[in-house]
Amino acid sequence: MKRIKKFYREHRVFTILMAIILVCIVIISTILIQCFYVGKGTDKYGDRLEGIEEHQISDSKISDYKVNLANNAKVKTVDLSIEGRIVYIKVTYETNCSLEEAESIAAKSLEGFTEDEQGFYDFNLTLEKAATNTSDGFLISGAHNKNGSGVSWNNNREVEATTETNED
C-alpha cells in the first residue's frame, strides 16, 4: 500500500490522466456495444408495422388487382409487390397509350383497394411505355400517401427541343 501511495504522490498527473482515459474507454465501449449488438434479432422495421396483421392484403386480392388492370387494352404488364407498409405497383403500357391515359388508368386502379387499405398503406406507382419511332415513350412515378386523397406525379412535362447557338 505504501508503494501505491508513493507512486501516486510522485506521478499524480499521470495517474489522474490514466484514470480519465480508462473511464473514457469504458464509456466508449459501452456505447459501441449498444450501437452494434443491442437490438440485433429484432424486426428491421421496428414498431412501424404495428397493426399490419389487421390490414393484410391477401394474395387473391393481389392477383385480382393484377388481372383487372391487365384486362385494360392499353396495359401490357402489371407487377405488384408489398414491402412493409408500401405497395409498389409497376405498370407497362402498350405503345398506343398516352401519358394522360396512363395516369388516369393507374389512379383509377387504386379504387381496387379498400379505404381501409388505402388509409394504412402508401402506394408507389411506376408507369412505363417503351419508345417507338413515333413516340418517345415515358417513365414516370407517382405516389399515393396513406393520409392523402390523390396521386402525386413526378414532373412529367414533355422535353422541349433546344437549339444551341455558337457565338464566336
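View 1. Strands here are DSSP runs (E, at least two residues), helices are runs of H or I with at least four residues, and both are numbered from the N terminus. Strand β2 (residues 86-93) runs parallel to β3, and eight bridges join the two. Two strands count as paired if DSSP finds at least two bridges between them. Glutamate 128 also meets lysine 90 through a side-chain salt bridge, at 3.3 Å from N to O. That pair links distant parts of the chain, with glutamate 128 in β3 and lysine 90 in β2, 38 residues apart. A salt bridge means a side-chain nitrogen of Lys or Arg within 4 Å of a carboxyl oxygen of Asp or Glu. With 27% relative accessibility, glutamate 128 counts as partly exposed, and so does lysine 90 at 36%.

A quick note on the ground rules: the model is predicted, so local features need pLDDT of at least 70 and side-chain atom pairs count only at pLDDT 80 or more, while totals for chains, interfaces and linings use all residues. Residues are numbered from 1 along each chain as its sequence is written, and side-chain values use heavy atoms, leaving out hydrogens and water.

**View 2. The two faces of strand β3.** Which side chains of β3 (residues 122-129) are buried? Phe123, Leu125, Leu127 and Lys129 are, and they point to one face. For the cut-offs, buried is under 20% relative accessible area, exposed is over 50%, and partly exposed is in between (1.4 Å probe, protein chains only). On to the neighbour: β3 and strand β4 (residues 138-144) pair in the antiparallel sense, over seven bridges. Lysine 129 has phenylalanine 138 of β4 as its bridge partner, and phenylalanine 123 has histidine 144 of β4.

View 3. The five strands form an open sheet in the order β1-β2-β3-β4-β5, with mixed pairing. β1 and β5 are the edge strands, each pairing on one side only. Glycine 148 turns up in the loop between β4 and β5 (152-153). This glycine counts as partly exposed because its relative accessibility is 38%. Its C-alpha atom lies 9.3 Å from that of aspartate 122, although the two are 26 residues apart along the chain.

**View 4. The core around isoleucine 89.** Nonpolar side chains tend to be buried together in soluble globular proteins. The largest nonpolar core here has 27 residues, and Ile89, Tyr93, Phe113 and Leu127 have the most contacts inside it. Such a core is a set of buried Ala, Val, Leu, Ile, Met, Phe, Trp, Tyr and Cys residues joined through side-chain atoms within 4.5 Å. At least two residues of this core come from each of α3 (59-70), β1 (75-83), β2, α4 (99-109), β3 and β4. Which residues does isoleucine 89 touch, not counting those up to four places away in sequence? They are Tyr65, Asp79, Leu80, Leu110, Phe113, Phe123, Asn124, Leu125 and Thr126. Contact means heavy atoms within 4.5 Å.

View 5. Lysine 61 and glutamate 117 form a salt bridge, with their closest N and O atoms 3.0 Å apart. Lysine 61 lies in helix α3 and glutamate 117 in helix α5 (residues 115-120), so the pair ties together parts that are 56 residues apart in sequence. Is glutamate 117 buried or exposed? It counts as buried, at 7% relative accessibility. Compare lysine 108 and glutamate 111, whose side chains meet at 3.6 Å, N to O: both of these residues are exposed.

View 6. Phe7, Phe14, Met18, Ile21, Leu22 and Ile25 make a nonpolar surface patch of about 570 Å². Patch residues have over 30% relative accessible area and no salt bridge; like charges are joined within 9 Å, and nonpolar side chains (Val, Leu, Ile, Met, Phe, Trp, Tyr) within 5 Å. Accessible areas come from the Shrake-Rupley method with a 1.4 Å probe; for residues, only the protein chains shown count as cover. Helix α2 (residues 12-36) gives the most to the patch, with five residues. Isoleucine 25 lies in this helix and is partly exposed at 46% relative accessibility. Phenylalanine 7 belongs to helix α1 (residues 2-10) and is partly exposed, with a relative accessible area of 41%. Leaving aside neighbours within four places in sequence, phenylalanine 7 is in contact with Phe14 and Thr15.
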